[in-house]
Amino acid sequence: MEGIIQIEILYLALGYIMILLLLLLVRLKRLGKEWEITLASLRMTAQLVLTGFVLTYVFSWEKLWITLIIFAVMEAFAIYTVFGRVKKSLFPALRPVIAGSMVLGTTAALAYFLFVIVRLSPWFAPRYFIPVAGMIIGNSMNGISIGIDRLSSGIRSQLDRMEGALMLGATPKEAARPFVKEAFSAGIMPIINNMMGMGIVFLPGMMTGQILAGIAPLDAIKYQIAIMLGIGGSVTITVFLVTEFGYRRFFNRHSQVR
């Protein structure tokens, strides 16, 4: 196995020239996004450096309670991020649905990946658990954000149409069906697009990282296929739950639109 090429701090800093180029082009186009890009770059750097120190400690101490705390923090941050992304169109009663869908969907997919596919022992080994959980939660977060935003905006924009269907005798499920279908489709589409282009259009991050670390390409491919199947399952479950139970929050117990 070949040694890993170390990136020195000086040369890593040179990578930020790309950010300076981005800032220059944004300024020339007068988009007004300079501060947002700068903040994102600084936040990304600080978060990753902090994560590196935390993971160095966590990997040296395989403790169940530490792994579960980190998993809970990741879930909470993802849920909070979804709330922030769809804040303008978020119906307050949807918050419990979003949180429940995220926790149930990601936990089920993660458990299946660890216990059935990888058969990890111990199952809470942080070197495997935390990176896999991060990929599953991150992709599910994106799927839920798109799905719930499409569901909420669709119902709000077609409110008259839905109320008309109710007056004609349709049930809430029948009246909301087109919006639920569209929201579910939109939520799972990004992961489907990723699967379609993976391996030919681009090499995914997990596989690239393993290859750079010296893992044989065929072994890296096995892990990448496994994690993509886990991510696909998680996104499907979470988006299905949030759309299937989310639309009901737009109706009261008398089947009237709130």
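**Exercise 1. State which residues Ser140 contacts, leaving aside its neighbours within four places in sequence, and where Ser140 sits.**

Step 1. Apart from neighbours within four places in sequence, Ser140 is in contact (heavy atoms within 4.5 Å) with Met102, Thr106, Ser234, Val235 and Thr238.

Step 2. Ser140 belongs to helix H6; helices here are DSSP runs of H or I with at least four residues, strands are runs of E with at least two, and both are numbered from the N terminus.

Step 3. Ser140 has 0% relative accessibility, so Ser140 counts as buried. Buried means under 20% relative accessible area, exposed over 50%, and partly exposed in between, with a 1.4 Å probe and protein chains only.

**Basis of the values**

This is a predicted model, in which local features need pLDDT of at least 70, side-chain atom pairs count only at pLDDT 80 or more, and totals for chains, interfaces and linings use all residues. Residues are numbered from 1 along each chain as its sequence is written, and side-chain values use heavy atoms, with hydrogens and water left out.

**Exercise 2. Describe the elements of the protein and the confidence of the model.**

Step 1. The protein has ten helices and zero strands.

Step 2. Of its 258 residues, 34% count as buried.

Step 3. The average pLDDT, the predictor's confidence in each residue from 0 to 100, is 87, and 95% of the residues score at least 70.

Step 4. Confidence is highest in H5, at 94, and lowest in helix H9 (residues 205–212), at a mean of 73.

**Exercise 3. Work out how the buried residues of H9 are arranged and what they pack against.**

Step 1. Met206, Met207 and Gln210 are the buried residues of H9.

Step 2. Seen down the axis of H9, these residues fall within an arc of 95 degrees, so they line one face of the helix; the arc is that of the directions from the helix axis to the C-beta atoms.

Step 3. The buried residues of H9 pack against H6 and H10. The face turned away from the buried side carries the exposed residues Gly205 and Leu212.

**Exercise 4. Examine the backbone at Arg30, Arg119 and Pro122.**

Step 1. Most residues other than glycine have a negative phi, and most peptide bonds are trans.

Step 2. Arg30, in the loop between helix H2 (17–28) and H3, has a positive phi near 55 degrees. Its relative accessibility is 77%, so Arg30 counts as exposed.

Step 3. Arg119, in the loop between H5 and H6, also has a positive phi, near 55 degrees. At 62% relative accessibility, Arg119 counts as exposed.

Step 4. Pro122 lies in the loop between H5 and H6, and the peptide bond from Ser121 to Pro122 is cis, with omega near -5 degrees.
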